[in-house]
Amino acid sequence: MPTQHDSFESFGFKPQILRGVTDAGFVTPSPIQSEAMPYILEGRDLIAQAQTGTGKTAAFGLPAMNRIEQTDRVEMLVITPTRELATQVSDELFKLGRFAGVKTVTVYGGQSSYRQVDLISRGAQVVVATPGRLLDLLSSGRLKNFEPTIVILDEADEMLDMGFLDDIKEIFKFLPKERQTLMFSATMPAPIKELAGRILRDPVSVKVTPAEETANKDIFQQYYVIEEHERDDAILRLFDAEEPSKSIIFTRTKKEAERLSTMLIAKGYGAKGLHGDMEQKSREEVIKGFKSNQLDILVATDVAARGLDVKDVSHVFNYHIPFDPESYVHRIGRTGRAGKKGIAVTLVTPLEYKELQRIKKIAGADIRQESVPTLGDVKKAHSGKLVSAVLNARLNDDAQRILTVLEEQIDVQQLALKALSLLIEKQNITGPDSIGVNPQRLEKLLNDHRRDRPSKRGGAKGGGYSKFKRNGGFGGGDRGGGGNYRGNRTRSRRDDR
Ligand code: ADP
Ligand code: MG
């Protein structure tokens with residue numbers, strides 16, 4: 001059993017590396033970090049399994065960067081499934097490794113490969129790459145003296161889902177036999193285990209799936225039972241009612257993401273879509289806009305948003321119920337990060353209700369049923385806010401001047417009513433009075449399923465680390481059936497070349 005590390009000092013990192021850790025504000029190592037890092041520092045091959053948001057990047061990045069020798073050639077290679085993840089991993093490695101002078105180059109499709117190769121040849125120790133572009137560069141012989149001694153496969157299960165397995169196997173033919181290989185994954189489906197058998201040598205396995213505990217306790221999860229045609233109305237109403245500061249809406253398809261973002265923009269929201277059909281550049285712009293709070297709403301497909309680490313997401317909306325429990329956990333894990341509270345909202349139709357039950361059971365998630373507020377409820381809530389806004393409003397010089405003009409034409413009471421009406425109109429709260437399946441039907445639906453509700457889980461304790469509290473697993477299972485289905489769904493998106 002590895003010893004439990006409760007500080008970063010105890011691993012014996014170089015001072016420059018420790019400085020990066022301190023500077024990043026990390027105080028306590030996360031469980032996957034304290035389990036995996038000692039083995040990596042020893043030079044062992046390793047398979048690490050932990051949920052999203054548990055700090056896997058630093059878990060491999062810190063010890064690997066600590067081990068490299070500061071030469072002017074590539075010593076460490078990280079392969080990630082998407083461009084977004086590649087960028088994110090590089091940012092994290094930069095943050096942690098900059099005092100150690102580690103230079104990182106990111107390699108992915110959609111950008112000049114000439115420039116990427118050039119940057120590498122100027123002396124980078126770390127390359128973070130997506131499989132398609134990396135394989136192109138390797139097989140065309142454009143990467144000279146490319147002999148990384150530490151190779152990391154990040155989000156291996158996602159590589160499988162995206163159909164990158166053959167590329168990965170091919171890539172390893174170009175890599176030196178003498179190397180340390182690390183594999184990180186949220187789940188371990190059979191083809192990934194098989195891959196591990198091929199590319200790893202006598203690996204240690206570490207797995208962190210906090211027992212009994214699924215989604216982060218900081219995420220309040222709720223669902224609304226609605227009719228199919230009510231999705232848009234429900235989203236708009238919930239926005240009016242909850243006034244989320246920053247939210248992600250997940251859709252099943254790219255088209256839906258497009259349509260929904262267009263609809264929200266038309267309603268005056270700062271929304272943008274994020275999906276695989278978009279140009280690399282506009283994807284980057286959207287993510288940047290969202291991170292820097294220029295956008296309030298991101299309407300995204302699963303693949304596009306996978307692993308995105310954006311701070312302060314207050315709400316995650318599932319426009320449709322996700323395809324599977326893993327995806328549910330990944331989606332809602334975009335909120336409630338770094339100890340903040342978050343709200344996860346799922347819209348389900350009576351037809352999807354069964355699917356919701358399955359997700360609840362497998363993910364062990366506590367998702368509460370709620371009713372969509374009525375138009376009246378929201379208006380009432382907003383008039384309360386309007387009252388305090390009016391009472392607290394600062395007087396504006398122009399107001400005084402306009403009042404003088406108006407007073408001659410209209411009685412002050414009338415004037416106040418008109419002014420308030422204008423303000424109310426501005427709030428623009430519309431939509432049907434009530435949204436959601438009718439109460440009798442809802443009652444029947446809930447009753448019919450009451451028998452197979454998940455049993456209460458008792459006495460689940462949190463992990464032993466306080467500052468950095470994360471998602472747990474879903475009972476530690478591999479991907480269940482439907483693997484093929486997921487594969488086919490995402491395989492078409494091979495856009496990293
Ligand atoms: P994963 O790859 O497991 O999904 P990441 O490596 O992307 O997770 O980490 C998620 C977030 O947590 C990042 O913002 C990262 O900087 C932060 N983080 C990682 N380790 C720690 C730590 N020990 N303490 C505090 N924050 C951390
Ligand atoms: Mg990661």
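Which strands does helix α11 lie across, and at about what angle does α11 run to β11? Keep that in mind, and I'll come back to it.

First, some ground rules. This is a predicted model, where local features need pLDDT of at least 70 and side-chain atom pairs count only at pLDDT 80 or more, while totals for chains, interfaces and linings use all residues. Residues are numbered from 1 along each chain as its sequence is written, chains are lettered from A and ligands numbered from 1 in the order in which they are written, and side-chain values use heavy atoms, with hydrogens and water left out.

Okay, one sheet. It's open, with 7 strands in the order β3-β4-β2-β5-β6-β1-β7, paired in parallel. Strands here are DSSP E runs of at least two residues, helices are H or I runs of at least four, and both are numbered from the N terminus; two strands pair if DSSP finds at least two bridges between them. At the edges you'll find β3 (104-107) and β7 (204-208), each pairing on one side only. Strand β1, residues 46-50, pairs with β7 over 5 parallel bridges, and there Ile-47 sits opposite Ser-205. Helix α2, residues 31-42, packs on this sheet and touches β1, β6 and β7; contact means heavy atoms within 4.5 Å.

Now the ligand. Around ligand 1 there are 19 residues, and the closest are Thr-28, Gln-33, Gly-53, Thr-57 and Asp-309; to be near, a residue needs a heavy atom within 4 Å. Gln-33 has a side-chain N or O atom 2.8 Å from a nitrogen of ligand 1, and Thr-57 has one 2.7 Å from an oxygen of ligand 1. Helices α3 (56-67) and α4 (83-97) each give at least two residues to the shell.

On to another sheet, also open: 7 strands, ordered β10-β11-β9-β12-β13-β8-β14, with parallel pairing. Here β10 (271-274) and β14 (367-369) stand at the edges with a single partner strand each, so one side of each has no neighbour in the sheet. Strands β8 (219-225) and β13 (342-348) run parallel, joined by 7 bridges, and Tyr-224 stands opposite Leu-347 in β13.

Back to my opening question. Helix α11, residues 254-266, lies across β9, β10 and β11, at about 165° to β11. Axes are lines fitted to C-alpha atoms, for helices over the stretch in contact, with angles from 0 to 180 degrees between N-to-C directions. Helix α12, residues 280-291, lies across β9, β10 and β11 too, running at about 135° to β10.

Key:
A polar contact is a pair of N or O atoms within 3.5 Å; within protein, one must be able to donate a hydrogen and the other to accept it, and residues adjacent in sequence count only if both atoms are side-chain atoms.
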